[in-house]
Amino acid sequence: MSGNNNEQGGRLTINFKLNEKDYTLKIDPDERLLDLIRNRLGLIGAKEGCGMGECGACTVIMNGQAVNSCIIPAARADGAEILTVEGLSGGMENDLHPLQKMFLEKGAVQCGYCTPGMLLSAKAFLDQNRGREISREQIKEGISGNLCRCTGYQKIIEAIYCYAREAERIEERKG
Amino acid sequence: MPGKRNVLKKGKGEIMKFSNLGKETPILDGLEKVTGRARYVPDLKMEGMLYGKVLRSPYPHARLLNIDTTRAARVSGVKDIITGKDVSQHRFGPMVPDWVILPDDKVRFHGDEVAAVAASSEEAAAEAVSLIEVEFEELPAVYDPALALEEGAPLLYEEKDNNIAVTFNVHSGDVDEALAGSDIIFEETYETNQVYQAHMEPMAAVAVPGDYERLIMWLSTQIPSMSRLRYAEALQMCAENIRIIKPHVGGGFGAKFECKSHILAAVLTRRTGLPVRMVNNREEDFRAGNPRVPMKIWVKLGLSRDGTFLAKDTRIIAGNGARTVYAPAITSTACYRIDSLYKFKNVRSTGYTVYTNTIPTSCFRGFGNAQMHFAMESALDTICHQYDMDPIKLRQHNGVTPGFTSIHGWEIKSCALKECLDKAVQESNWYEKKKAPEQKGPVKKGIGVAICNHVSGNRPFYKPFDGSSALVRLTPEGKAIVFTGEADIGQGMNTAFALIAAEAVGLDVKNVRTAAVDTDISPFGLGSFATRGSTIGGRAVYEAAINLKKQLLEHISRVYEKETDQITINNGYIYFDDQEEPVPVAEAMQTISYTLGGTSLVGQGVFVPDTVLPDENKYGNVSPAYPFGCHIAEVEVDTETGKTRLLNYWAVHDVGRVINKQTLEGQVEGGVIMGVGWALGEDMVVKEGVLLNPNFHDYFLPTAMDVPEGHIYSYFLESEDPNGPFGAKGIGEPSLNPVPAAIANAVFDAVGVRVKTLPITPEKILEGLEPG
């Protein structure tokens, strides 16, 4: 842990990188990572769907792993590198991550409440399996911690599959 | 700039019939959703905003002796606490006036609202709620609707003689005589359980004090205009003094109708003069949401030897829960909507909607029709098995056909039910699979069929009227904005409306958007229920677009000095018969606008369906259009574990006209998986009135792992309904209606076990497999 200073009143100072930007923040010991992201940093993409790590709507990527930010203490972010959906693409000029584009193109989005978490789980899963051929069944497992009540998942799986195939082809061309 | 010749040809309709319809159009509000920028009610924040929290009853039935808020009020940051003593005790409610803002006498279910707090932080609000001291006197309670019907059962409403909220009766023809003349008589009881909608965004409201002493409410709702009327009643305000805004909504599936916590947020805002945000946590959403109406359904059917349906007799006991939301309408739907799927000649049905000390129940995709589809379509499967009939032919023999008027006077104008069956049979290879030889090994495959009907709008749902109106505004920049009161809750309706308007006017859909519902601006819209959005709301948008096009043509004619019959508008360009070069609509609109003081053109459209309120015999056409469908499920059942796995699913729907193929498929795939969840595992487990699984850990919901290894195949047939916009009918609910029965029938085909109570669990299958 880097620079984890206990202060009077029990507040902690943590340092972390979020969406490529460095932060130093004072936090309460019982503060959740989700509250830090939503309430302190004002990033609303991560949603609270259940508050107990079961629905995945609050998923962010921390040190390469998809985590449920609603059950992770903010203190755990000390020294960590975090990616939220806001870090997937640029500003309003719509330079979307190809996975976001594929979600749109394939109809993988309906109400959109699960979408940020779903995208990040998919990204973490694909990053961890870079260079391997991915099957639809593996994708299902990779996003099984994220609930979606609108789509029936089929188009989400298809979007991730198509993206993985496309990414594979790009890698091949490069190689 | 498009290739002129090519587009000109398209403009004349020589190549394509539609420029915008029938394609796979990604939703127009997708960008904000994939970037996380879309704002839902729980994302809204305002300066000085308070956080609301509700104290809920820990008892299923108890008298409120005393409530002491002294300690709670001392918590730093607490601004207001309300109990039943602080609010008017007048009664109101969506169907039966059995709601109060907060009770001052007793609580009627575990989760019932007792008090509400507004504080400057969520933590302070939660702490205050935990410090409210309530003296309860527990009362005898009743949880099972059948037991609640018995004489001497504890009464939920002491002023009533019994626990029946509403009784529905219908009898057309002569059922007793028809049964006496039947060759085949079949009788069985089915049970459908209580399940939770599980919208990913919980119920939420932000109430804000408005100017002119008005109240502004940002709601996660599927009925913005209608809830405004109800909340006006609750708050004893003039409806016009309430402004409701519906931003993005994270799913509803029937749950997001009138909601107590919305009203409590409004009361707290009016008392404190400050904005109040009230968001259910997931457990509250489970405990005090509006889950599916559980039903016990007794069915008796009479058929002739050739399989002709002669009589249907049903009796339903439905659980209303502790106060009435929409369960009575759901029970009546279960009683008689399916009578217009088949050519019945004699039908009788009685449905009791019964109070119990449990969570108030209400709308959930399928609205009672889904419950009855499970009973009816399971029953037909058993009859076919017992009397060696073909389940496809039996349904085709008795199914309604175009031009048919059902026993209740429902006018089936468009209908491709027969074709749906044909297509599903063909695509699934039904007869080949049915002929498959005896399977060896412990895992058996099976295939099952069920068909469905539904409405696209339901005249008796809101007694004063049905119908919709819309505005389409074409701005000086050539952009069109659709204003509707119908509520997109994630289904893609706003995109469908934009496509309809684009097609009708001749615009490029990229330049059309549908505005968020804001009751200060949008026309009144009844909302998202009864699968009415695309058909009734869409038809109003179509009419508004046609009206706009008429105005646009007149102004183009004036400004460009051409006859209107020499002008064609297509895909954002204006073509003149005597001119090679088309003019972009944006360019023409700017010119038009400059000649008219900078105005936009506004088309207004109204659609009043040719429907009637059913008479005392429940006779009368209730919907402008009826969608139909046929589902076939292929499953695998492990006889050692009892586990059922979905292998493939074929869903064929008569949707009248495909507006957007992509969102249609999305509705079907979502409906099917939701139905699979219900059929194979979803269940609210209630013991002594207490929900034992009020969270996503203990409540089973389908995940990506439950998607079939094969595929969910969807097919759409276009029967071109005369009432729907471009012929379109609804899809939301029909996509779910036949699912549990199709699965139950497939399970039976696989292992010969008939499960008559949902869900179809491994335990029930293993029990059925036991010899003897």
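Which domains does the domain assignment give for chain B? The assignment gives domain 1 (4–38 + 467–607), domain 2 (42–139 + 202–249 + 256–287) and domain 3 (369–454 + 625–769), with bounds that come from an automatic or database domain assignment. This is a predicted model, in which local features need pLDDT of at least 70 and side-chain atom pairs count only at pLDDT 80 or more, while totals for chains, interfaces and linings use all residues. Residues are numbered from 1 along each chain as its sequence is written, and chains are lettered from A and ligands numbered from 1 in the order in which they are written.

**Domains of chain B**

- The C-alpha centres of domain 1 of chain B and domain 2 of chain B are 40 Å apart.
- Their contact draws on 16 residues from domain 1 of chain B and 15 residues from domain 2 of chain B, where two residues are in contact if their C-beta atoms, placed from the backbone, lie within 7 Å.
- On the side of domain 1 of chain B that touches domain 2 of chain B, there are eight nonpolar, six polar and two charged residues. In this scheme Ala, Val, Leu, Ile, Met, Phe, Trp, Tyr, Cys and Pro count as nonpolar, Asp, Glu, Lys and Arg as charged, and the others, Gly among them, as polar.

**A sheet in chain B**

- Four strands of chain B form an open sheet in the order E16-E25-E26-E29, with mixed pairing. Helices (H or I, at least four residues) and strands (E, at least two) are DSSP runs, numbered from the N terminus, and two strands pair if DSSP finds at least two bridges between them.
- Strand E16 (443–453) and strand E29 (712–717) of chain B are at the edges with a single partner strand each, so one side of each has no neighbour in the sheet.
- From one strand to the next, the twist averages 10 degrees.
- Strand E26 (residues 644–654) of chain B pairs with E29(B) in the parallel sense, over six bridges. Here B:Tyr649 stands opposite B:Ile712 in E29(B).

**A helix pair in chain B**

- Helix H18 (residues 661–680) and helix H19 (residues 739–751) of chain B pack at an angle of about 55 degrees, with their axes 8 Å apart. Axes are lines fitted to C-alpha atoms, for helices over the stretch in contact, and angles run from 0 to 180 degrees between N-to-C directions.
- H18(B) and H19(B) are therefore oblique to each other; angles under 35 degrees count as roughly parallel, over 145 as roughly antiparallel, 65 to 115 as roughly perpendicular and the rest as oblique.
- H18(B) contributes B:Val672, B:Gly675, B:Val676, B:Trp678, B:Ala679 and B:Leu680 to the contact, and H19(B) contributes B:Val739, B:Pro740, B:Ile743 and B:Ala744.
- The residues of this contact comprise nine nonpolar, one polar and no charged.

**Domains of chain A**

- Chain A has domain 1 (5–87) and domain 2 (98–174), with C-alpha centres 23 Å apart.
- The contact between them involves 15 residues from domain 1 of chain A and 13 residues from domain 2 of chain A.
- Strand E4 (59–62) and strand E5 (65–68) of chain A each supply at least two residues of the side of domain 1 of chain A that touches domain 2 of chain A. E4(A) gives the most to that side, with three residues.

**Where chain A meets chain B**

- The contact takes in 42 residues from chain A and 46 residues from chain B.
- The largest share of the side of chain A that touches chain B comes from H2(A), with four residues.
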